[in-house]
Amino acid sequence: MKHEELLHRCFRCGWCKMPLNYADFNCPSYLQYRFESFTAGGRMWLIRAWQQGELKAGERLAQILFTCVTCKNCVQTCAMAGIREQLVEIFMAAKGELAEQGLVPPSVRDYLKAMQTHGNPYKRPDAERARWAEGLDLPRYSGQEYLFYVGDEGAFDELGIGMARSVARLLGKAGVDFGILGEAETSDGNDVRAAGEESLARALAENLTGKLNDLGVKKVVTLSPHAFNILKTDYPAWGGVFAVEHWSQVVARRVRALAPAGPSLAVTFHDPCYLGRWQGEYEAPRALLRAVPGLTLLEMPRSRQNALCCGGGGGNFFTDILGHGGDQAARVRVREAAETGAAVLAAACPLCLKMLDDAVKAEGLGDRLAVRDLATLLLAAR
Ligand code: SF4
Ligand code: SF4
């Protein structure tokens, strides 16, 4: 297995389930299950035992490995230099090896099958991929400065569609020259890779890369931090020759102060793992919020590098393998957001948006806290 030589170097100190400020437990799967086996360290020991033949792989090991939502909290806090940077890569490799042995939990198997068969987890035809843009009069890409890539959630998820429309309008208002792919868009593969299916992710990537290279795309701006991550980090090795930014970065560079806002508004911001811990961008969304007059930004105790994941990564947004209940990461997160006193919880990722919106409903917090996508919030201020 990839990185097998690193497995014995975890010494089970347990720091990997905490944030850097030790505010609370910060590994979503540990929060949910409260067994050490569901932490990074627990997974390292189980994988080592499995690889050395001390443990037989089965359904339980598959559940433990596939409930890692690839949030990278452990990568921040692991005490052991040398393995720290590779923890999530090790877990993804282990998921891949389990898949080769046919040990994939049913919901993950269904998700991957939908990706293979339909090219998206919603099982929708590509002909519907441009519906999100109806009525916006957006040009197809034909040499503009940027290609705006919305991905599966921007094309098919109800809240994601709203976010994609707001981002497109915001890019237009910010004077960004961009076009879209519409029906020609295909999946980026980030969450397929996070679920351990490296070869399918690579096939999706090469398909999308081929289209973008054929069109001569030089710069991509993405709706989702997940797409931003794989296009920026992995696509260059798979033939991608374009620069990639998240929409918040592109807009933040162009927006200094937004038009006078209405009444004062207290907002807290949820850092998406794939924008923050994976790509190191914490400032652009906050710069945009600070540009809104009358808006007060209230930080949660766990923010930036210490942010608690919404639980939507690693394919869990589609597979739900992490499960539900009061210890679900998204529900813990919205309780933390409500405690800041903010009236709005802003999200910059379509997956976070839905996870948090559902969690506010499950917690019955709707009269205290509204989940809004950052782009729609900014548009309202212009
Ligand atoms: S990546 Fe996140 S969910 Fe996975 S082990 Fe690390 S902290 Fe836990
Ligand atoms: S912090 Fe690192 S060394 Fe310690 S238990 Fe977690 S993975 Fe192992």
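This is a predicted model: local features need pLDDT of at least 70, side-chain atom pairs count only at pLDDT 80 or more; totals for chains, interfaces and linings use all residues.
Q: Which conventions apply here?
A: Residues are numbered from 1 along each chain as its sequence is written, and chains are lettered from A and ligands numbered from 1 in the order in which they are written. Local features need pLDDT of at least 70, side-chain atom pairs count only at pLDDT 80 or more, and totals for chains, interfaces and linings use all residues.

Q: Which residues of helix α13 are buried?
A: Buried means that 20 or more other C-beta atoms, placed from the backbone, lie within 10 Å of the residue's own. Helices (H or I, at least four residues) and strands (E, at least two) are DSSP runs, numbered from the N terminus. In α13 (residues 283-290), the buried residues are P285, L288 and L289.

Q: Why do the buried residues of α13 line one face of the helix?
A: An α-helix has 3.6 residues a turn, so residues three or four places apart point the same way. Down the axis of α13, the buried residues fall within an arc of 100° (taken from the directions from the helix axis to the C-beta atoms), so they line one face.

Q: How many bridges join β7 and strand β8?
A: Strands pair if DSSP finds at least two bridges between them. β7 and β8 (residues 370-373) pair in the parallel sense over 4 bridges, with D373 in β8 as the bridge partner of A347. β5 and β7 are likewise parallel, over 4 bridges, and V267 stands opposite V344 in β7.

Q: Which residues of β7 are buried on each side?
A: V344 and A346 are buried on one side, L345 and A347 on the other.

Technical notes
A residue is buried if 20 or more other C-beta atoms lie within 10 Å of its own, exposed if 12 or fewer, and partly exposed in between; C-beta atoms are placed from the backbone.
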